[in-house]
Each structure stands twice: as C-alpha cells, then as structure tokens.
Amino acid sequence: MDTPRLRRKPTGRRGWDLTALLNAADPRASLPERHLWLVRLVEWLRHPARTREELSGDAAEPVSEVTLLPLRRLKHLLNVLDRNPEPRADVVGLLRAFRSEIDLAALLADFGFAQRVAVFSEFGDRMRARFLPATPATADLAQLFGLLFSDPRDTDWLAAIDDATLARLAALFAEARPVAEPPLGWRAPFFDALLILASQVGATGATGAVRQRMSAELLVDKPFRQLLRAAERLCEAAETGDEAALLREAQYLRALLDACRRAAASVSQHLEEHGVSVDLVFQVDQLRARTVRIEALLACALAPAGSRERELVHLVAGLARVASERRSIRALFARQYSMLARKVAERSAETGEHYITRTRGEWWAMLRKALGGGAVLAGTTFLKFFVLALGLSAFWAGFGAGLNYAASFVLIYLLHWTVATKQPAMTAPAMAAKLDDVGNDAALEDFVDEVAHLIRSQAAGIVGNLAMVAPVVLGVQWLVKQAFGAPLVGVLDAEHVLNSLTLLGPTPFYAAFTGVLLFASSLFGGWAENWFVLHQLDSAIRWNPRILSRLGAPRAERWSRWWRANISGLVANISLGLMLGIVPVLATFFALPLDVRHVTLSTGQIAAALGALGMQALQEPAFWWCVAAIPLTGALNLGVSFFLAFKVAMRSRGIRVADRSRIYAALRRRLRTRFISFLLPPRGTARAGEPRENT
C-alpha cells in the first residue's frame, strides 16, 4: 500500500515525520530546497522521538541508543521506499540532481583542512563556523557537509551500518546515477581530490620552514617532489583502465606517503631541540592529515566491489568526525599548544632545579639568598610608597609601581638571591619532570622526596625573605624618625595599610590572584626562552657581522651564552613586576575587584605601618588581623602558583587521571607518617659539594 500524500510541513517544533518528508521530496525544487530536504532527512534519522514501526524493529542491533535509533530509522526509510514506487522515484530524482550538481571533490580534498596554515587563522575559521549560520544554498559539499552531519554522535551510527543495509543504500544511489557521468564514473571526484591533496602535501613539504627542519637523511629520495608525479601517473592508469599499472602506481604512492609522514615526524624532533613554533606544529599536522586522507581516498577508489561500500562508509564516518572536531575551539588549542606547553614546562624545569635544595648545606645557602632578597624588597616597599606619594593618575601610578617591582626582582635575580614566591611556578615543572615513571612505586617515592625537598626550600625562602624585610623596614623607619622627626611612611599611609591588608577583607582572594600572576610570569619566561631558541638569537648575537664588529668575538660569545642562560629569568621577573603593578589598574578600569597581595611586600608594608604608628599599634586589633593575614597570603601565593604550574606540567606530559590519584595518595601518606620531613632538612646530609648557584 502506498504511503498517503500529506501536507508539506513539519509535524511540530521538534522535526518532521517520515510521511511529511517523503511528500516534500521534490526533484524539481530549487537547489537550496533540495539540500534543505537532505538536512531534514538526516535530522529525522537521529531524532530522539520513536515511531511505532521503530519500537517493533529488530532488537539485535547495537546496544547503544545513539546508534540503535538512526539504524532502525534508516531501515524503516528503505522499507518504505521499497514498498512505495512514487516516493522512491522522487527520492531517486532528488539524489540524482544532488549528484549532478554537487562538488564532491571539494569535500574530499578541502573539508577539515585550514585554508591558511596558521593557528589563529584556523581559530577565526572555527569561530565563524561555530557562531555564524551556514546556508544550504551551495554546490560546495564541503560547506554543506557541516549542516548534514552536525551532531558529534553521527560518526557512531554511520560506522555501525550493517552490510545488508549498505547494499540497499548502494542500490538506491546506483539508481540515482547522473545521466552524463564522467569516464571514471563515481571515482572521478576521488582522483581529482587525490591530485589536489598530493599537490598540497608536496607544496607544504617544499616550504623552507618545514623542509629545513626535516631530517636530511629522510629527504634523500625527494618524496615530496615525487608525490604529485606519482599521483598523476595513478590517475592516468585509472583513465586508461590498466588495472595492473593502477595497482602498481597505488603501491608506489603509498610508499611515498609513508616516506613523507616519516619526514614530517622528524620536524617534531627538531622543534623539541631548537624551540617550538605553534604554526609549524599546525602546518605539519595538516600535512600529516592530508596524507591520511589520500590513503582513505585510495582505499575507496581501489576497493573491490564487495568491500567498496564499507570503505565509503568509513570515509563518510571519518569526515563526520572531522566535522565535529572542526567545531571545537578547545581541541584546536589543546592539540597545537601541547608541545609548546611541554617545552615551556621543560625550560621552566631547568630553571626550577636551582630552587630545590636537597642537603643541609643547600638549605642554609637558600636561607642566605632569601635574606638578600628580603633586604632588596625592603627598599622596594619604600619606593612603592614614594610612587604613590607622587599623586600620579591611576595608570601611571600602577606603571611606576610595576617598574619598581620589576627592577627589584631583576636586581635580586642578577645578585643570585631569591624571592620565595617566585619559586613554585618554576619548581613545579621540575617536579613533573620526575613523573615519567609514575607506575613504579620506587619512582613515586622519589617524587614524594622531591616534594619534601621543595617545601623545605620554600620554607627557607619565605623565612629568609620575611626575617629580613620586616627588621630592615622597621630599622629605616626608626632611623629616619630619629634623624628628621618623622618616618618615611606617615600615619595616613600606615592606617591605609592596616585597612587594606587585614584578614577580614578580600586579602585571601587577592593573595590567590597574585598566585595566578606568579604562575603566568613563569609561562612568560618559558615562552620567551622558547622564542629565543626558535629564532636562534643566541647564534645571531654570536655571529652577526654588525654585532661582532661592535663587541668583538670574545665578548659576543660571552653575551650569547649569558642571554641564552638568563632570558627566561629576566622575562619572568620583569613580567611579574609589571603585572603586579599594572593588572590591578586595568582591572579597575573594567570595574573588576582585583588587587595583589604579595607576602613579602605585604610584610614590608605592615612593618612600615608599625614604624609609623609606634608601639601603640601593637594594642590595635587591626594590626594583628594584618599579621594574621601574612601566613595565609604566603600559603596562597605559593599554593596557587605551584598548583597551576604543576597541573600544566602534568597535562603537557600526558599523565593520566589514575596516576594523578596515586600521586596525591602518596603525598597524603607521607604527610601522615613523616610530616617533619617537609619542614627540616634530614640529618646526616652534610654538603656533598658546593651549593648550586640560584640563578
């Protein structure tokens, strides 16, 4: 019995029923209307509602409801078309018009690949694809495909189509064969796309940025240069019908593709050693993905009649997966920045090793260097009050404070002293570097030992900073008051300090935010060193003719080594200082309640307030609330920066969630059983050598 003709409109807000869809199938409709019909048909296949026919369907299908329902609906559609010649003729006519007008080669060659090989260009394309509406009024199947398969679960049900259903679909599409078909038939767009992709892979491999970073041994046979010629010979063999030559050329093309992939993989090793470029990583990923697409096209075009349909469905399912990935902004940056994150973490780890003490001699050396850092920050405290006393506008006051912090941090760095709060963001990647074998219990215990060394180092740094900054500030206040009758920091400023640094206010939140800035400064430092190495600036300083003529060869060599060793530390210190001064001002411009609370600088300000107010301040609760905020500020500065840096380092090394649980359990066990090891260096660890210089 034929399906009755019904009105051509959807059954409700949630979609169309099959009868209305078949009634709306019109081969004479305009191109946008025909494409819109196809989109609604695929939407109906995946629709969550279920019909009576589907509920009585075969229960031997895959268990997942995501794949079960579309497969049942697809079978139901084919059953209806088999029983009803008139709707079948309309659907076949619509599919014939679709096959005649659509550009299938554009889908096979271009879909899923960036038009411009730059990460931020691809980011812009994904943002447009995600937030701007697409139109079915196009003959480019690469544009229409995203409308047809817009659900991430489409890949599952497409891949689960059984052989019997595939054969019925193939028969339906065979009926829809265009009248004027090219000599190669349905395979023509596959070979066209193969030529396009081969030319793009060859062009990418020939670019200087990629070619110069490939292994020279892997380029001896010139696989990228041969690729396009091999693809052309393959297409010529297909056009002449020479099956033996076709198989021979296909085998040779596959060997070339494998050689191109090996050469592309060697780029990653070069980037690991000489600095990571995100755009280069993206470019190589695109090259590799195109070689995989060529392999898939070959599998479809050369598959025997019995397995051809299955290869085609695998290809369409893969394209549906690409459509889902192309809508993900997070996936783009997670993939492209993973190598950069690892390199930044590794370069931070190299610096962070200098901040970890393992012997008593190193612990005492860290304490002395922290005392030196505290002395410098005492001067920083007074300079901050001086900048504020100038009465500058908000931005310039923040900029001046940032310059003050940056200059102080750089001075401490150059004197090989230390600021305790800068250590965690550098030492966390060094910690994560010890986690390459977390499945081994002995390696896990070694890691816990390293954490204990780290915490002891942080304790020495904080104690040294605070033990010096408070007495120096108090002493300067007292001396100036004795000499001139008034301290450097007056009563009004002292009262403002007690009102702003109190534990009863937003100090904990601001301290945690300062930890974020401390973490960000380590990223800036690692990124700057990667950029410095990537662009070979150390070599330029050493060998540039103009620099050599000005400095001379010995001095140029020393400068080259010095900048290579110190670029990360300088950028990290300068960026931290500027952020501490400028970020709160910018936040105020946007009405965001953000400020910074640095434990050493806050201690210096509280000491200055005590020097201005005198001993009577010890009787005021406000003073003691500020003192109570100091340990919490220090804990949040250190904890937040270390946590963020450690998370990034673990992610960049691909450490699994289960392994992270083992790490946390081992740390808790050590805290319960040997808590004192986190505070004091072990006995019997006399200096095994000179302490390493804290650079």
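Me: In this predicted model, is Gln-536 buried, partly exposed or exposed?
Reply: Gln-536 sits in the loop between helix H24 (507-534) and helix H25 (537-543). Buried means under 20% relative accessible area and exposed means over 50%. Gln-536 has a relative accessible area of 49%, so the class is partly exposed.

Me: What is the phi of Gln-536?
Reply: Most residues other than glycine have a negative phi. Gln-536 is not a glycine, yet its phi is positive, at about 55°.

Me: Where does His-416 lie, and what is its phi?
Reply: His-416 is in the loop between H20 and helix H21 (423-432). With a relative accessible area of 27%, His-416 is partly exposed. His-416 is not a glycine, but its phi is positive, about 65°.

Me: How many salt bridges are counted?
Reply: Side chains of opposite charge can pair when their charged atoms come close. The cut-off is a side-chain nitrogen of Lys or Arg within 4 Å of a carboxyl oxygen of Asp or Glu. By this rule the count is 21.

Me: Which parts does the salt bridge of Asp-162 and Lys-75 tie together, and how many residues apart are they in sequence?
Reply: The side chains of Asp-162 and Lys-75 form a salt bridge at 3.6 Å, N to O. Asp-162 is in the loop between helix H9 (154-159) and helix H10 (163-175), and Lys-75 is in helix H4 (residues 65-83), so the pair ties together parts whose separation in sequence is 87 residues.

Me: Which helices are tied together by the pair of Glu-175 and Arg-88?
Reply: The side chains of Glu-175 and Arg-88 meet in a salt bridge at 2.5 Å, N to O. The two residues are 87 apart in sequence, and the pair ties together helix H10, which holds Glu-175, and helix H5, which holds Arg-88.

Me: Of Glu-175 and Arg-88, which is buried?
Reply: The cut-off for buried is under 20% relative accessible area. Glu-175 has 37% and counts as partly exposed. At 16%, the buried residue is Arg-88.

Me: Which residues are linked with Arg-88 in a network of salt bridges?
Reply: Arg-88 meets Glu-175 in a salt bridge. The network that holds this pair also takes in other residues, and the residues linked with Arg-88 are Asp-82, Arg-168 and Glu-175.

Me: How many residues apart are Arg-670 and Asp-449?
Reply: The side chains of Arg-670 and Asp-449 meet in a salt bridge at 2.8 Å, N to O. Arg-670 is buried, with a relative accessible area of 5%, whereas Asp-449 is partly exposed at 25%. The pair links distant parts of the chain, helix H30 (residues 657-673) and helix H22 (residues 441-484), and the separation is 221 residues.

Me: What is the distance in space between Leu-94 and Ala-176?
Reply: Leu-94 is in helix H5 (residues 85-101). Leu-94 is buried, with a relative accessible area of 1%. Leu-94 and Ala-176 are 82 residues apart in sequence, and their C-alpha to C-alpha distance is 8.1 Å.

Me: What is the distance in space between Ser-408 and Asn-573?
Reply: Ser-408 lies in helix H20 and is buried, with a relative accessible area of 8%. The pair is 165 residues apart in sequence, and the C-alpha to C-alpha distance is 8.8 Å.

Me: Which elements give two or more residues to the nonpolar patch?
Reply: Leu-383, Phe-386, Leu-390, Leu-392, Phe-395, Trp-396 and Leu-586 form this surface patch, with about 700 Å² of accessible area together. The elements that give two or more residues are helix H19 (360-389) and helix H20 (394-414).

Me: Which helix gives the largest share of the negative patch?
Reply: Asp-103, Asp-192, Glu-232, Glu-236 and Glu-239 gather in this patch on the surface. Glu-236, one of them, is partly exposed at 47% relative accessibility. The largest share is 3 residues, and it comes from helix H13 (residues 223-240).

Me: What span does helix H2 reach from its first C-alpha to its last?
Reply: Helix H2 (residues 31-46) has 16 residues, and 22 Å is expected at 1.5 Å a residue. Its buried residues include Trp-37, Leu-41 and Trp-44.

Definitions and conventions
Residues numbered from 1 in each chain as written. Predicted model: local features only at pLDDT ≥ 70, side-chain atom pairs only at ≥ 80, totals over all residues. Heavy atoms only, no water. Patch = residues over 30% accessible without salt bridge, like charges linked within 9 Å, V, L, I, M, F, W, Y side chains within 5 Å. Areas by Shrake-Rupley, 256 points an atom, 1.4 Å probe, with all protein chains shown as cover. Lys, Arg positive; Asp, Glu negative; His and termini not counted. Charge placed at Lys NZ, Arg CZ, Asp CG, Glu CD. Helix = DSSP H or I, 4+ residues; strand = E, 2+ residues; numbered from the N terminus. Buried < 20%, exposed > 50% of the residue type's maximum accessible area, 1.4 Å probe, protein only. Expected span 1.5 Å × (residues − 1).
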